[in-house]
Structure formats: structure tokens, C-alpha cells
Amino acid sequence: MPERQSKISEVDAALDRRGFTTWPLRVRAVVGAVTVTAVVAGVGAFLANNLSNAFGPDAVCDGAVSAAALNDALGTGKVSSKKNGVWQSPSGGAFCTAEVSYGLFGNSRSVFVQVLQADDLAPYPANSNSQLFAASANGGASGAARSDWAWALLPGECGNGLRVEVKSNGDDGPGAENLARFAVSAANGVAAGKGCGKTPLSGPHELSQAGQEHDLNNASVCGLPGFTAASASSKGYRESVTTAFDPVWVCRIATGQNPTAWSFSIGTEPRVRGPLNEKDATPAFGRSRWAGSPIPKQEVVATCHDKPTYFRMDTDNLQGLFPDTDEAWKQFLTAGGKAIGCEPIL
């Protein structure tokens, strides 16, 4: 008790020194201090709510998108999401816009998230500036990314052909590395919601270098030695090629008049497309077989190192650049197979 009396006396003396010499003045001092404390606490809560996700959800997009992963990709701020119409993805996964609000004036960044399914290689967007990440070097995570867009395959236990695709809605993208990590995190979230992929994929740490569009080399089309074009017809063509082959390699050849004239793809990761329908697997070239595709005879499959590898050729018109379609296929399979270290196909 003496100790408590001593502390009260010290407080009284401090108030006396500040001019609060009467009881009413001392009450006003206490009320003022409490008011200031409340204002400071209120401002702190307001700033925490507007500058961070302190009071926001832990996940959005039906639980597929982690708030922490979204903040990591888009920066700090309050996390939210909204549905994009009533469309449901074929896999039953997320289809939404995830948003991070930041600052005091309603600023925001957002990313569009969707789950897609592929039965062939055609839907996989990739070009020379895409940076690929392979499962073998990234703990099972596999996909592609650039500064404003990325996709990542779901774990194999979820079924082949499933991927999460994310696209930044801002003018300045978060960067390939950030979006690649975010896409893999979302793929893990979708897998958890589907009850598959019991072991989450780790965030990718090794992305391929971005390539550059350049003039077509008629002696080595798409950078594949032995894949040749008619020299007289190759002038004016440009090619855009990814610098890696895993999970999917893509080469596009175009002219100014026809920006999407030819596209060649190789899928070395079995997860990139749905399983082959054996009734469509008729012989193609050498030991390759035609792979089931919505458009017949555009994709073949061959076993490379005991796993299915897919080769696809999309053309508007091969006339003039290659002798004929069959010859183009044979050259592509020979040169492309050699580039990925596959056993001879022809």
C-alpha cells in the first residue's frame, strides 16, 4: 500500500507541475489523454484496414487463392475477389478476379484467375518472351510465365490437362517470377479444393530465359537443325521461339501480312493434355501415332524415354515454305525429336 500511495503522489506532482492543480482540471487531463489514445487507435485501425490485409480474408476465389500469395504477387493491401459472371470452369475450379486494394484513395491491383482444361496442345499460350519452368527443376511445379501472365499445371493426381491461368489486369505486370509463384500457389489451392494433389507443389525457382523474335533461318527453322525451308520463299518471315522445351515448346512463324501463319509445338510434360484416346491412335509417321485432337491430323504422339511426348503442327498454308505437309511433319519429328533427346521417331 505505501508503494501505491507513493506512485499516486508522483502522478499528482506531475499534474501540479503541468498546471492541473484542481480536481476538475485533472479530470479534463485524463479525458483528453483517453481521447487522444482512442483517436490514435482508430487511425491505426483505419490505416491497417486500408494499407494491409490485417482485417481481410485468408483466402479468396472459393478458397483457391491465398491472401498471402496474392499480396506477395501484387503487393501489400486489403484482399478481396469477385466472380466473373456465372460461367463455371470445366474442372469446377475458380473463375474470378482477385484484387488488392491499397492506399487511402481507392487504388487497386488485380489478377484474373481461371482453371482450364486441355485435350491437346493448341490452348497453351507461349511465345518467345515466355519463361518456362519444368517439373524436374522445380519440385513438380510446371508452367510458363511472362510479366503480365502465367499458367501452372495442377498436380498429376488431379488428372492431366488441367492448369490454372492468371493474368494481370494492370498496365504494368508484377513480373514473370511473381506471377509464376502465384499461379503455382493457386494451382495448389484448386487441387486442395478438389481433394487431389496431397503434396503441395513448391514455388518455382528456376525459369528459362526469355527469347527474342528474329528472322527465320531457312537452314534451321525454329532453331532446329535439319528442319529446313525453301530459301526462295523464306524471306520476310519472322519466328518466335521459346528457349526451353519443358513443359511445352512453341515456335510461331509469321509475316507482316499473316501474323499467325504457322505454329509448331512439342509437349514434353504428360500433364499438359488429357489422356490419348486409343481409338484415334492410328499410325502417323515412323513410330508416331495420330493423337486425338478436335481437329484431325494436327497432333501426333511418340514415346520418348518411356513417357508420351506430343508434337503439333498448326498451319494456315504450308505451300511455298515447305515442299508439302508430310515432308514438313517428317522434318519436324526428326529435328524436334533430336532436340529433346528422344529416341529416333522415323
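**Exercise 1. Which strands does helix α5 lie across, and at what angle does it run to β16?**

Start with the helix: α5 covers residues 325-339. It lies across β12, β13, β14, β15 (299-304) and β16 (307-315), and runs at about 140° to β16. Helices (H or I, at least four residues) and strands (E, at least two) are DSSP runs, numbered from the N terminus. Axes are lines fitted to C-alpha atoms, for helices over the stretch in contact (heavy atoms within 4.5 Å), with angles from 0 to 180 degrees between N-to-C directions.

A word on the model: it is predicted, so local features need pLDDT of at least 70 and side-chain atom pairs pLDDT 80 or more, while totals for chains, interfaces and linings use all residues. Residues are numbered from 1 along each chain as its sequence is written, and side-chain values use heavy atoms, leaving out hydrogens and water.

**Exercise 2. Find the order of the open sheet of seven strands, then its edges.**

First, the order is β10-β11-β12-β13-β16-β15-β14, with antiparallel pairing; two strands pair if DSSP finds at least two bridges between them. Next, β10 (214-215) and β14 (289-290) each have a single partner strand, so one side of each lacks a neighbour in the sheet. Now look inside: β12 (residues 248-254) and β13 (residues 262-267) pair over six bridges. Isoleucine 253 has tryptophan 262 in β13 as its bridge partner.

**Exercise 3. Is arginine 312 buried or exposed, and which side chains does its own side chain join?**

Begin with its place, strand β16. Its relative accessibility is 3%, so arginine 312 counts as buried (under 20% relative accessible area; exposed is over 50%, partly exposed in between; 1.4 Å probe, protein chains only). Then follow the side chain: it makes polar contacts with glutamine 298 at 3.0 Å and with aspartate 314 at 2.8 Å. A polar contact is a pair of N or O atoms within 3.5 Å; within protein, one must be able to donate a hydrogen and the other to accept it, and residues adjacent in sequence count only if both atoms are side-chain atoms.

**Exercise 4. Which element gives the most residues to the largest nonpolar core?**

Of this core's 39 residues, those touching the most other members are Val65, Leu70, Val111, Val113, Val164, Val166 and Phe182. A nonpolar core joins buried Ala, Val, Leu, Ile, Met, Phe, Trp, Tyr and Cys residues through side-chain atoms within 4.5 Å. Elements giving two or more residues include α3 (67-74), β5 (107-117) and α4 (176-194).
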